[in-house]
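Visitor: Hi! Could you walk me through the sheets in this one?
Guide: Happy to, let's have a look.

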Amino acid sequence: MIAQAYSLFKKDFHSELRTRYAINSLAMFIIVAISVILFSIGNETISESLTGGLFWVVIFFTAMSGLARAFVSEEERGTTLTLQLIASPSTVFSGKLIFNLILVFCMNLVIALLYSALFEKFVIQNFTLFILTFILGNIGLAVASTIIAAIIAKAGAKGTLYPVLSFPILLPLILTCVQLTLFSFDGTSFEEAQFELAIVVGYDVIMFTASYMLFDFIWKD
Amino acid sequence: MSSYSIQSQNLSKLFGRRLIFKDINFNWAEKGIFGISGPNGSGKSTLVKIVAGLIAPSSGKIIHKHSAGEIIPEKLHNHIGFVSPYLVLYEEFSAWENLKIFAKIRGVSFNVEKVNYYLAGFLLDNRKNDLVKTYSSGMKQRLKFIFALMHSPEVLIFDEPTSNLDEEGKKVVYKIVIEEGNQRVVIIASNEVKDLELCSEVLLLENFKG
């Protein structure tokens with residue numbers, strides 16, 4: 001199953017290289033969002049908490065602009081039926097999840113690098129905690145975005161529905177990740193951040209298990 | 001000889017409150033060409049999608065069995081070859097790339113000799129490296145037959161198999177249908193008289209409207 005899911009990921013990756021459906025929209029969104037923030041703050045120095053919050057705001061909205069692609073593009077091109085005929089639901093979910101995971105990691109790495117270069121207060125004191133938050137947050141974001149994309153793919157107003165449905169589902173993850181990012185800014189120890197880390201780990205595990213179990217019902221009409 | 005069988009038990013489908021068909025029963029086994037016919041909107045495509053496990057019936061059951069017993073829905077796609085006008089292949093890839101991708105995702109080996117044989121048979125061998133988006137609708141339809149046949153499924157489901165095809169294309173399809181019908185179960189959903197003449201048994205959906 002893993003090999004087949006990897007083949008599906010490779011198909012999506014090559015398709016993305018040829019169509020540039022998600023990469024272009026993600027890149028444009030990152031540039032536009034960070035530029036608007038920089039223009040709006042001007043010469044003022046924003047606080048650490050605001051920097052951390054804005055970091056995850058950009059991540060959330062960038063994810064909303066590109067991660068739905070995994071299923072929406074199949075639905076828009078009419079290839080969903082083809083996919084149903086060549087792969088089991090678990091293969092499809094795993095393949096799409098690998099694609100979104102890699103996309104989320106690349107996208108958020110670019111955002112983090114731009115933030116560290118452009119924002120004065122984006123200074124990480126506890127690097128291990130930041131990396132752990134970044135990895136766990138990205139996993140949660142990718143899993144939740146993948147299953148929500150599968151749910152909304154067949155709906156009419158996909159563009160509106162995706163962020164609307166994602167917001168309440170991703171809110172606990174984003175809020176906890178904002179808190180953990182602030183901890184990493186002010187050098188809070190690993191032990192003191194354990195509770196927040198446990199929330200993110202719990203979120204990832206629950207979201208992954210629920211998504212895997214639900215996908216069969218979502219995928220078939 | 002194939003020991004495959006498809007059994008329909010009191011199959012019914014409703015879209016909302018609209019009844020599409022009711023209490024369809026059949027048992028198609030081993031080999032042969034079986035037809036499904038009815039006027040537009042009678043539910044031919046719906047029935048073949050249910051048989052292929054793509055949509056669920058409102059009530060009743062479809063059972064796919066082979067020598068090892070009943071096939072679970074999770075594995076059903078490996079036993080079915082499906083062609084229809086509403087099936088869309090990946091247009092950003094060439095025919096060759098599409099077929100290779102399908103084999104890899106299915107987890108079966110990509111048999112170059114077999115694929116070349118089908119490409120030649122369906123008159124696509126000189127265009128196999130062109131992107132599918134540059135194909136005519138008839139060429140796309142012929143490619144779908146290779147997509148359906150390349151993994152040697154036990155059941156072939158052809159929904160309007162000759163739509164978009166010219167006379168030469170139709171001849172190739174009829175030849176394949178007859179050949180495959182001698183080895184496995186072939187289901188044809190169509191209104192074309194010529195398509196249905198190939199069938200040993202035809203299910204008329206008008207008879208299942210309750």
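Guide: Let's start with one pair: B:Ser12 stands opposite B:Ser59 in β4(B). This is a predicted model, where local features need pLDDT of at least 70 and side-chain atom pairs pLDDT 80 or more, while totals for chains, interfaces and linings use all residues. Residues are numbered from 1 along each chain as its sequence is written, and chains are lettered from A and ligands numbered from 1 in the order in which they are written.

Visitor: How many bridges join β1 to β4 in chain B?
Guide: Six, with β1 (5-15) and β4 (59-66) of chain B running antiparallel. Strands are DSSP E runs of at least two residues, helices H or I runs of at least four, both numbered from the N terminus; pairing takes at least two DSSP bridges.

Visitor: And what's the strand order in that open sheet of chain B?
Guide: β2-β1-β4-β5, paired antiparallel. In chain B, β2 (18-29) and β5 (69-70) each have a single partner strand, so one side of each lacks a neighbour in the sheet.

Visitor: Switching topic, which order does the five-strand sheet have?
Guide: In chain B the order is β6-β7-β8-β3-β9, with parallel pairing. Its edge strands are β6 (80-83) and β9 (201-204) of chain B.

Visitor: What is the bridge partner of B:Phe82 in β7(B)?
Guide: B:Ile157. Four bridges link β6(B) and β7(B).

Visitor: Which strands does α4 of chain B touch?
Guide: Helix α4 (137-149) touches β6 and β7 of chain B, at about 170° to β6(B). Contact means backbone-placed C-beta atoms within 7 Å; angles, from 0 to 180 degrees, compare N-to-C directions of axes fitted to C-alpha atoms, for helices over the stretch in contact.

Methods: Two residues are in contact if their C-beta atoms, placed from the backbone, lie within 7 Å.
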